[in-house]
Amino acid sequence: MDQMDLRKKLDYTIQEKLTKLNLSDNDIGDEGVKALAEELKHENCKLTSLDLSWNEIGVKGVKALAEALKHKNCKLTSLDLRRNYIGVKGAKALAKALKHKNYKLTSLDLFRNDIGDEGAIALTEALKDENCKLTRLNLWYNKIGDVGAKALKEVTRDKNIELSL
């Protein structure tokens, strides 16, 4: 099988068959996530669960992913971004996507991404939005202080969201 045949087979598999994909610990980085984000926008993409933990993903990659999550064809309901490098800017990009009418995620794992209080506050504001569908949010080990933790706990309690800090 040549490279073109393999690419076509992978495209078909991602777009037509897969509902869950675990790519954890593959060092795909920002460029890999950008390519994957394009696939998430395809009308035939069936992915509902995506694990991208431990992949050296930074701000550029998570911004591309956040844009894909807002696309009408994206069907993801569960996203695992544990132990990447999204930081405050990445958290803000995801927070903006959380408010979008097409956003479908119900579970988001951001364990150990150094989002701090600023990222936590951005997520808190997004959680208040009527379009936000999250029911589970993991923010352990993100350097979130008292201010961010208090704001998160209040909104998650009011909206019955399972929060891990």
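**Loops, buried residues and helix pairs**

Reply: Happy to, and let's begin with Asn-160, which sits in the loop between helix 6 and strand 6 (162-164). Keep in mind that this is a predicted model.

Me: What's the phi of Asn-160 like?

Reply: Asn-160 has a positive phi of about 60°, although the residue is not a glycine.

Me: And is Asn-160 buried or exposed?

Reply: Asn-160 counts as exposed, at 66% relative accessibility.

Me: OK, over to Tyr-141. Where is it?

Reply: Tyr-141 is in the loop between strand 5 (136-138) and helix 6 (146-159). Its phi is near 55°, a positive value in a residue other than glycine. With 53% relative accessibility, Tyr-141 counts as exposed.

Me: Let's switch to Thr-106. Which loop holds Thr-106?

Reply: The loop between helix 4 and strand 4. Thr-106 is partly exposed, its relative accessible area being 30%.

Me: What does Thr-106 touch beyond its sequence neighbours?

Reply: Setting aside residues within four places in sequence, Thr-106 is in contact with Thr-77, Lys-133, Leu-134, Thr-135 and Arg-136.

Me: How far is Thr-106 from Ile-161 in space?

Reply: Their C-alpha atoms are 9.5 Å apart, while in sequence Thr-106 and Ile-161 are 55 residues apart.

Me: Now Ser-107. Which strand is that in?

Reply: Ser-107 belongs to strand 4 (residues 107-109). It counts as buried, at 14% relative accessibility.

Me: Which side chain makes a polar contact with Ser-107?

Reply: That of Arg-136, in a polar contact of 3.0 Å between the two side chains. Arg-136 is also among the residues in contact with Ser-107 once neighbours within four places in sequence are left aside; the others are Thr-77, Ser-78, Leu-79 and Leu-134.

Me: How about Asp-51, buried or exposed?

Reply: Asp-51 is buried, with a relative accessible area of 13%. You'll find it in strand 2 (residues 49-51). The side chains of Asp-51 and Ser-53 are joined by a polar contact of 2.7 Å.

Me: And what is Asp-51 in contact with, leaving aside neighbours within four places in sequence?

Reply: Leu-21, Asn-22, Leu-23, Ser-24, Asp-80 and Arg-82.

Me: Let's talk about Leu-81. Why is it called buried?

Reply: Because the relative accessible area of Leu-81 is 0%, and buried means under 20%. Leu-81 is in the loop between strand 3 and helix 4.

Me: Which residues does Leu-81 touch?

Reply: Not counting residues up to four places away in sequence, Leu-81 touches Leu-52, Ser-53, Ile-57, Val-62, Leu-65, Leu-94, Asp-109, Leu-110, Phe-111 and Asn-113.

Me: How far apart are the C-alpha atoms of Leu-81 and Thr-48?

Reply: They are separated by 14 Å, and the two residues are 33 residues apart along the chain.

Me: On to helices. Which residues of helix 3 are buried?

Reply: Gly-61, Val-62, Leu-65, Ala-66, Ala-68 and Leu-69. Seen down the axis of helix 3, these fall within an arc of 160°, so they line one face of the helix.

Me: What do those buried residues of helix 3 pack against?

Reply: They pack against helix 2, strand 3 (78-80) and helix 4.

Me: How do the axes of helix 2 and helix 3 cross?

Reply: The axes of helix 2 (residues 29-40) and helix 3 (residues 59-69) cross at roughly 5° and come within 8 Å. The two helices are therefore roughly parallel to each other. Helix 2 brings Asp-30, Val-33, Lys-34, Ala-37 and Leu-40 to the contact, and helix 3 brings Val-59, Lys-60, Gly-61, Ala-64, Leu-65 and Ala-68. By type, the residues of this contact are 7 nonpolar, 1 polar and 3 charged.

Me: Last one: at what angle do the axes of helix 4 and helix 5 cross?

Reply: At roughly 0°, with the axes of helix 4 (residues 87-98) and helix 5 (residues 116-127) coming within 8 Å. That makes helix 4 roughly parallel to helix 5. Val-88, Ala-91, Lys-92, Ala-95 and Leu-98 of helix 4 meet Glu-118, Gly-119, Ala-122, Leu-123 and Ala-126 of helix 5. In this contact of helix 4 with helix 5, the residues divide into 7 nonpolar, 1 polar and 2 charged.

Methods
Residues numbered from 1 in each chain as written. Predicted model: local features only at pLDDT ≥ 70, side-chain atom pairs only at ≥ 80, totals over all residues. Heavy atoms only, no water. Axes fitted to C-alpha atoms, helices over the stretch in contact; angles between N-to-C directions. Helix = DSSP H or I, 4+ residues; strand = E, 2+ residues; numbered from the N terminus. Parallel < 35°, antiparallel > 145°, perpendicular 65-115°, else oblique. Contact = heavy atoms within 4.5 Å. Nonpolar A, V, L, I, M, F, W, Y, C, P; charged D, E, K, R; others polar. Buried < 20%, exposed > 50% of the residue type's maximum accessible area, 1.4 Å probe, protein only. Arc of directions from axis to C-beta. Polar contact = N/O pair within 3.5 Å; in protein donor to acceptor, adjacent residues only side chain to side chain.
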